[in-house]
Amino acid sequence: MKLINAIIALAALPAAAAFAPSTPAALSTRTFSASPVALDAKKSIGDLADDELKGKKVLVRCDVNVPLDGKKITDDTRIRSSIPTIEYLKSKGAIVTVCSHLGRPKDGPEDKFSLAPCAERMGELLGQEVTLAPDCIGDDVAKIVGDAKEGDVIMLENTRFYKEETKNESGFVEKLAAPFDMFVNDAFGTAHRAHASTEGVTKFLTPSVSGFLLAKELEYLDGAIATGERPMAAIVGGSKVSSKITVLDALLDKCEKIVIGGGMVFTFLKAKGLNVGTSLVEDDYVETAKEVMAKAEKLGKEILLPSDIIIADAFSAEANTQVVAADAIPDGWMGLDNGPASTAEQKEFLSDCKTLIMNGPMGVFEIEAFSKGTFGIVDILADLTKEKGAVTIIGGGDSVAATELSGRAGDMSHISTGGGASLELLEGKVLPGVAALADK
């Protein structure tokens, strides 16, 4: 409860490829039990006594890998999500130094990948200057950290300006950790990577604990799925069966109901012997789709596929479109969204569910003509939370983007900040950045 109380105190803060054709992207107080590498097993900053934080030089791994248009941040969600942990550490008298990556620099420092815009935006959100260090290791960094006062916030320059970051090279790790007393990992989006700034530094800094954002992600994505209220449902969309088969198989074991959408629908429809026109199909995964449906039948689980499809004669906003039954897609046409009957069926299918996880869109929501299926399922989930108190968890970049675009993000129980990390946790994998943290 110490963690939850701390979160409550800090809570007042302000993909077109999904159907690409085959021819030329408020903190809750709800609690759950969790599995062995999650919230119940790992220490968070809320578990530390005040004297363990006051005056300490704390390295905080945040995920400020935000989208940029030049030097302008186009979505500051990840920076805003890091604020509660930083505010808490400041309030306890810690000296806070944030580290993160941004983009994928190839050969050393590149100005377009500098964290300068992130430091500026974080300063605006905190209401104080955030000092940007010129590097992430070295004497200059050590001096800036050494001269800082309690409550100061520093941001190191992009850790991926060094190739040793992703290689988790021990010499680099030791230099990165050198100026600090302890480590806080609050970067769920990179917790599935054993990098220097996510896993390596835990070998040199004690204690190494989670921040509030990481703990909250684990609470929902791990705890809710392991012990959430039932019936439980998963909505799995996106372009390819190949990228979702592992998570789909894992969710089939845990959920009573599965809704399948996105481009992967057509591999399933082909597996049922239906014509899919020029819709995206992974022929190598048709047998896999058959196996998934057979497993669901054996386990007594329900899989809902669309009964009607919005089809187009080209992958274009200007294409001719029509709504057809899922078993009546003509040659030369491609499916790009669920139809209205499918959305109505999804609403009925999910109406009794208490816990729902969405990973992947239902259609090409970036194009208005093919957005209704995705926004329809978003509305269904948001209404289930508002009207029936269901737990709704949105994971994956495209799902999050669509939910934000719909205006219903505030009605969901949890919006995940992790893409690959969300998938790996849903698949039941151990995240290196979590496993490396101190046990309670």
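My entries below go from the whole chain to its sheets, its helix pairs and a few backbone details.

**Entry 1: ground rules**

I am working with a predicted model, in which local features need pLDDT of at least 70 and side-chain atom pairs count only at pLDDT 80 or more, while totals for chains, interfaces and linings use all residues. Residues are numbered from 1 along each chain as its sequence is written, and side-chain values use heavy atoms, with hydrogens and water left out.

**Entry 2: the whole chain**

I looked up the inventory and found 15 helices and 17 strands in the chain. These are DSSP runs numbered from the N terminus: helices are H or I with at least four residues, strands are E with at least two. The radius of gyration is 23 Å, close to the 22 Å from the globule rule for 440 residues, so the chain is as compact as a globular protein of that length. For my own reference, that radius is taken over C-alpha atoms, and the rule is 2.2 Å times the number of residues to the power 0.38. The C-alpha trace spans about 70 × 45 × 35 Å along the principal axes.

**Entry 3: the parallel sheet**

What is the strand order in the open sheet of 6 strands? I read it as S5-S6-S4-S1-S7-S8, with parallel pairing. Two strands pair here if DSSP finds at least two bridges between them. S5 (130-132) and S8 (208-210) are at the edges with a single partner strand each, so one side of each has no neighbour in the sheet. From one strand to the next the twist averages 25 degrees. Axes are lines fitted to C-alpha atoms (for helices, over the stretch in contact), and angles run from 0 to 180 degrees between N-to-C directions.

I then zoomed in on S4 (residues 95-99) and S6 (residues 153-155), which run parallel and are joined by 3 bridges. Val98 has Met155 of S6 as its bridge partner.

**Entry 4: helices on that sheet**

H2 (residues 77-91) lies across S1 (57-61), S4, S6 and S7 (182-185), and runs at about 155 degrees to S4. H3 (residues 116-126) lies across S4, S5 and S6, at about 170 degrees to S5.

How do H2 and H3 meet? Their axes come within 10 Å and cross at roughly 60 degrees, which makes H2 oblique to H3. My classes are: under 35 degrees roughly parallel, over 145 roughly antiparallel, 65 to 115 roughly perpendicular, and the rest oblique. The crossing of H2 past H3 is right-handed, a label used if the near helix is turned clockwise from the far one by less than a right angle, with anticlockwise being left-handed. Contact means heavy atoms within 4.5 Å. Among the residues making it are Ile79, Ile83 and Ile86 of H2, along with Met122, Leu125 and Leu126 of H3. By class I noted 7 nonpolar, 1 polar and 4 charged residues. Ala, Val, Leu, Ile, Met, Phe, Trp, Tyr, Cys and Pro count as nonpolar, Asp, Glu, Lys and Arg as charged, and the others, Gly among them, as polar.

H8 (residues 241-254) and H10 (residues 286-299) pack at about 5 degrees with axes 10 Å apart, so H8 is roughly parallel to H10. Ile245, Leu248 and Leu252 of H8 are among the contact residues, as are Val292, Ala296 and Leu299 of H10. That contact has 6 nonpolar, 1 polar and 3 charged residues.

H12 (residues 372-388) and H13 (residues 397-406) pack at about 80 degrees, with axes 10 Å apart, and are therefore roughly perpendicular. Thr374, Phe375 and Val378 in H12 meet Ala402, Thr403, Leu405 and Ser406 in H13. Here I noted 4 nonpolar, 3 polar and no charged residues.

**Entry 5: the antiparallel sheet**

This open sheet of 3 strands has the order S13-S12-S14 with antiparallel pairing. S13 (321-325) and S14 (334-338) are the edge strands, each pairing on one side only. The twist averages 40 degrees from one strand to the next. S12 (residues 308-312) pairs with S14 over 4 bridges, and Ile310 stands opposite Asp337 in S14.

**Entry 6: backbone details**

Most residues other than glycine have a negative phi, and most peptide bonds are trans. I looked for exceptions. Thr206 and Pro207 are joined by a cis peptide bond, omega about 0 degrees, and Pro207 lies in the loop between S7 and S8. Another cis bond joins Arg230 and Pro231, with omega about 5 degrees; Pro231 is in the loop between H7 (212-227) and S9 (232-236). Asn168 has a positive phi, near 55 degrees, and lies in the loop between H5 (164-167) and H6 (170-177).
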